[in-house]
Amino acid sequence: MKFYDFYTKKINGQNVEMAQYKGKVVLIVNTASKCALTPQFKELEELYKTYQSKGLEILGFPCNQFANQDAGSNQEIQEFCQLNYEVTFTMFEKIDVNGAHEYPLYQF
């Protein structure tokens, strides 16, 4: 299986095929809204705004596997990211990034 064969859901539930990112540079990021690294949203957004026109796509995947740092619903996570960091890069539904239920795209 190749990256472009995967599909997943945006944080709002909309299906997305990774094939839509062909020809772009894709940065997949595990995010959490209540951890010491939460300010990464500001830096990621700045990076996205700087390089989006040159083909950069940032794909944010929230995960709650580490110290319960993203316990909110997908809607709560989306609202937090937009209100606090004005995130415009694509956020996806919460996933597991390791263990028995590791999300296939993240495993890849």
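Mentor: Start with α2. Its twelve residues should span 16 Å at 1.5 Å a residue, and its end C-alpha atoms are 16 Å apart, which agrees. The expected span is 1.5 Å times one less than the number of residues. Helices (H or I, at least four residues) and strands (E, at least two) are DSSP runs, numbered from the N terminus.

A word on the ground rules. This is a predicted model, where local features need pLDDT of at least 70 and side-chain atom pairs count only at pLDDT 80 or more, while totals for chains, interfaces and linings use all residues. Residues are numbered from 1 along each chain as its sequence is written, and side-chain values use heavy atoms, with hydrogens and water left out.

Now step off the end of α2. E86 follows, and its phi is positive, near 50°. That is a positive value in a residue other than glycine. E86 belongs to the loop between α2 and β5. It is exposed, with a relative accessible area of 56%. Here exposed means over 50% relative accessible area, buried under 20%, and partly exposed in between (1.4 Å probe, protein chains only).

With β4 and β5 it makes a right-handed β-α-β unit. Right-handed means this: with the strands pointing away from the viewer, the path from the first strand over the helix to the second runs clockwise.

That brings us to the sheet. Strands of a sheet pair through backbone hydrogen bonds, either parallel or antiparallel. Here three strands form an open sheet in the order β3-β4-β5, and the pairing is parallel. β3 and β5 are at the edges with a single partner strand each, so one side of each has no neighbour in the sheet. Two strands pair if DSSP finds at least two bridges between them. Seven bridges join β3 and β4. Among the facing residues, I28 has L59 of β4 as its bridge partner, and N30 stands opposite F61 in β4. β4 and β5 are joined by two bridges. L59 stands opposite T90 in β5.

Look at β4 itself. Seven of its seven residues are buried, so the strand is largely enclosed by the rest of the structure. In a regular strand the side chains alternate between the two faces of the sheet. On β4, L56, I58, G60 and P62 are buried on one side, and E57, L59 and F61 on the other.

At β3, pick out T31. It counts as buried, at 1% relative accessibility. Contact means heavy atoms within 4.5 Å. Leaving aside neighbours within four places in sequence, T31 touches Q40, F41, G60, F61, P62, C63, D70 and M91.

An α-helix has 3.6 residues a turn, so residues three or four places apart point the same way.

Last, the rings. Rings of Phe, Tyr and Trp (its six-membered ring) pair if their centres lie within 6.5 Å; planes under 30 degrees apart count as stacked, over 60 as edge-to-face and the rest as tilted. By this rule there are seven aromatic pairs. One of them is Y48 with F89, edge-to-face, 6.1 Å centre to centre with 75° between the planes. This pair links distant parts of the chain, 41 residues apart: Y48 is in helix α1 (residues 40-51), F89 in the loop between α2 (74-85) and β5 (90-91). Y48 is buried at 5% relative accessible area, and F89 is buried at 3%.

F61 and F92 are stacked, because their ring centres are 4.6 Å apart and their planes are at 5°. F61 lies in β4 (residues 56-62) and F92 in the loop between β5 and α3 (104-107), so the pair ties together parts 31 residues apart in sequence. F61 and F92 are both buried. Finally, ring pairs link F41, F80 and Y85 into a cluster.
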